Each structure stands twice: as structure tokens, then as C-alpha cells.
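Let's take a walk through a protein model together. Have a look at the sequence and the 3D view, then read on.

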Amino acid sequence: MERPLRVKAKKARVLHTKKKLLKLKRKEELSHNIRYIGKVPVDIVMDRDFVRVKPTDSLAALISLLRDEESSAVVVDDSGRLVGFVTMKDILHLFAPPRHHSVVGLSLLKRYSINRATSVGDVMVTRPITVRSGDTLGHAIEVMLESGKHHLPVVDDENRVVGLLEVKDIIRLIRLVSL
């Protein structure tokens, strides 16, 4: 009687050890994939189809372009060079009510007088954080984490916008390599 119990216990230990080894192997594979992701160039993952607007475009026109997955727009000059960046969050700030402790001044009144004449240049971030097309995703992820930004314009050496990198693009790659 004692012998069958020992055999069962031994089989249970073997199964438990195999499960542990399998978990370690999966963890090691995932770790390798994560290291791989950090080395991937930004230009492989970035979105090349993104919203581009001019600073003189109306805010209403920009809002009509931000549909479905689009949640940001790159503001460029006539030669395609980056001059600004606008996210839905930037637009949302325009509609936030003033705080009770705000001092009413001319700049505050201008801020809340949004109309059809309001242009993209009035709301854009004029010095957006960017990455270069040759940078690695590891670098881009560090920039995103340090700055708290979810969207990064991707520029070339002449500051022309060549793409847009968003968190969703990186997550899509993680999903692909971890399957």
C-alpha cells in the first residue's frame, strides 16, 4: 500500500517540475521577445498614414479629421517640417471650465472664446517631443515613459515628419511577438 502512494507522490513532483520548467521557458521566450522589441527601429512600427494639418487650418476642420482611431494631428509647414502637434487632450483642455481660483484676465478670456475662427496654431503644442526614424523602440519607449506622452511625431534629419508613433503601434508589435 505504501508503494503506490510513493509512486503517486513521485509522479506529482515530476509533473510539478515539468510545469515549472515550462513556465520558465515561456518566461525566457517572452523576455527574449521584449529585448527584441527594444531593438526594432521606429520606422518599422510607426504609422505612415496620419493626420497632417497646417497652423492656419481651423480647429473645426481638425476636429472633423479626428475620427475613429485618429487621436492626434501633426502640424506641418508647406515643406512638411514639424511646427506643432495637437492631441484630443489638447482640444479637450479648451473646453474645461475655469477653476475657482483662476484670475480673470485677457489671456483667460481669449482662451475661452473659441469660435469658428480659432485655428490649429492657437491650440497646438509648439515644441513637441519627437523621435527620429532611425531610433529604436527601446529609446522611444523611454521617451514616452519619461514624458508621459502617448504619441510621438517621427522626424527625419531635416525635421520633416515621416511618421507618427503611438502606444497602440508598440502594443500591436508586442502582441505579435508574444503569441
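## The big picture

Of this protein's 179 residues, 31% count as buried, where buried means under 20% relative accessible area, exposed over 50% and partly exposed in between, using a 1.4 Å probe and protein chains only. Keep in mind that this is a predicted model: local features need pLDDT of at least 70, side-chain atom pairs count only at pLDDT 80 or more, and totals for chains, interfaces and linings use all residues. Residues are numbered from 1 along each chain as its sequence is written, and side-chain values use heavy atoms, with hydrogens and water left out.

You'll find 8 helices and 6 strands here; these are DSSP runs numbered from the N terminus, with helices being H or I of at least four residues and strands E of at least two. Along the sequence, the pattern goes α-α-β-α-β-β-α-α-α-β-α-β-β-α.

## An open sheet

Three of the strands line up as an open, mixed sheet in the order β1-β2-β3. Two strands pair if DSSP finds at least two bridges between them. β1 (51-53) and β3 (82-87) sit at the edges with a single partner strand each, so one side of each has no neighbour in the sheet.

What joins β2 to β3? The answer is 5 bridges, with β2 (residues 72-76) and β3 running antiparallel. Within this pair, Ala73 stands opposite Val86 of β3.

## Nonpolar cores

A nonpolar core is a set of buried Ala, Val, Leu, Ile, Met, Phe, Trp, Tyr and Cys residues joined through side-chain atoms within 4.5 Å. The largest one has 15 residues, and among those touching the most other members are Val42, Val131 and Leu165. Elements giving two or more residues to this core are α2 (42-45), α7 (137-147), β5 (151-155) and α8 (167-177). The top contributor is α7, with 4 residues.

There's also a second, separate core of 13 residues, including Leu59, Val120, Val123 and Met124.

## Zooming in on Ser71

Where does Ser71 lie? Look in the loop between α3 (59-65) and β2. Ser71 is buried, with a relative accessible area of 19%.

Leaving out residues up to four places away in sequence, Ser71 touches Leu66, Thr87, Met88, His151 and Glu166, where contact means heavy atoms within 4.5 Å. The side chains of Ser71 and His151 are joined by a polar contact of 2.9 Å. That term covers a pair of N or O atoms within 3.5 Å; within protein, one must be able to donate a hydrogen and the other to accept it, and residues adjacent in sequence count only if both atoms are side-chain atoms.
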